[in-house]
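Subject: Structure handover

Hi,

Here is the structure I promised to pass on. Please open it first, then read my notes below.

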Amino acid sequence: MKLTIATALTLIAPAALAEPLTVYAPDYFASEWGPGPAIKAAFEAGCACEIEYVTGDLLPRLRLEGARTSADVVIGLNTDDAERARQTGLFAPHNVTIEGLTMPVAWTDETFVPFNWGHTAFVYDTTRLDSVPTTFQALLDAPDDLRIVVQDPRTSVSGLALALWMKSIFGDDTEAAWEALAPKIVTVTKGWSEAYGMFTEGEADMVLSYTTSPAYHIIAEEDLTKKAAIFDEGHYVMVETAGQIATTDQPELAQAFLDFILTEAFQSIIPEGNWSLPAKLDPAKMPAGFAQLDLPDTALLYSSDEAEALRDTVVAEFEAGLGR
């Protein structure tokens, strides 16, 4: 992989390497517990260059800055936000050869490169929950004293994924499904971290998260009590991506970073760096703890344009269902 990076960087003029490659990323990505620091070190080890992360809410920042953005690359946009990002007109084609992906969905997007993915799921504690639903309908039919924390689809990518997941299963009956789920919802949080913190502190029996979330407890804490409830209908998939800003003044270096994303050097950081599944990594090279995860057979996903077309509808169904 270093050979690939080095080959790409031989075409870059020395003057261009004087400035860092500015990568816009979510807060979690570049934090000390996220995958960003290790990815930065791995990329910089293969070139005479530097990555500088700028963190925050990606889409609002890009929309505010427009063509004046100082970003060269943006990483951390998920497929449900990809269409809105594409409509800014700020992104160039990724020019990366997409092949050999280890994802359950085909990839044809010419703007965004996938770097990791995961199934949305309700995670529970085996010491607190005796009867675990095996279908989404069974969750709706569970006793109302079941305590669940979810995220708001208006402020959270995971919350939006839940709204789309429910739409993919319940169709025209999604508002009624939210109404049935409402008595079990302890609270709706703005983001994932707050919700997961409430769950680990014992304030809820289940939390909207991902099928890979228990891997953290297994590997980092040697705790086998956290599991994902697997539903027969299938689980909605979230794919995170990266793209190159068309007006970057370092196009060769930006391209080298995009090419780096699907290398083993990058992908091997994802499992324990982001506690999710790499877009392209030999399963034999996954950490052993991931083999203990319960995973669904069926992956559900709307394309980026389908998700964008459904966004207002599924948010309205969430608001109306919980407001009944």
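A salt bridge here is a side-chain nitrogen of Lys or Arg within 4 Å of a carboxyl oxygen of Asp or Glu. By that rule, the count comes to 16 salt bridges. Keep in mind that this is a predicted model.

Glutamate 65 pairs with arginine 61 in a salt bridge, at 3.0 Å from N to O. Both lie in helix 4 (residues 58-65), 4 residues apart, about one turn of the helix. Glutamate 65 counts as buried, at 16% relative accessibility. Arginine 61 is partly exposed, at 34%.

Helix 14 holds another such pair: glutamate 308 and arginine 311, 3 residues apart. Their salt bridge spans 3.4 Å, N to O. Glutamate 308 is buried, with a relative accessible area of 18%. Arginine 311 is buried too, at 11%. A network of salt bridges links Asp81, Arg84, Glu308 and Arg311.

**Across the chain**

Arginine 154 forms a salt bridge with glutamate 319; the closest N and O atoms are 2.9 Å apart. This pair links distant parts of the chain, 165 residues apart. Arginine 154 sits in the loop between strand 6 (148-151) and helix 7 (157-170), and glutamate 319 in helix 14 (residues 304-323). Glutamate 319 is partly exposed, at 39% relative accessibility.

**Threonine 135**

Where is threonine 135 placed? In the loop between strand 5 (113-125) and helix 6 (136-141). Threonine 135 counts as buried because its relative accessible area is 19%, under the 20% cut-off. Its side chain reaches the backbone nitrogen of alanine 138 at 2.9 Å. Beyond its neighbours within four places in sequence, threonine 135 contacts Phe231, Asp232 and Glu233.

Best wishes

Technical notes:
Residues numbered from 1 in each chain as written. Predicted model: local features only at pLDDT ≥ 70, side-chain atom pairs only at ≥ 80, totals over all residues. Heavy atoms only, no water. Helix = DSSP H or I, 4+ residues; strand = E, 2+ residues; numbered from the N terminus. Buried < 20%, exposed > 50% of the residue type's maximum accessible area, 1.4 Å probe, protein only. Polar contact = N/O pair within 3.5 Å; in protein donor to acceptor, adjacent residues only side chain to side chain. Contact = heavy atoms within 4.5 Å.
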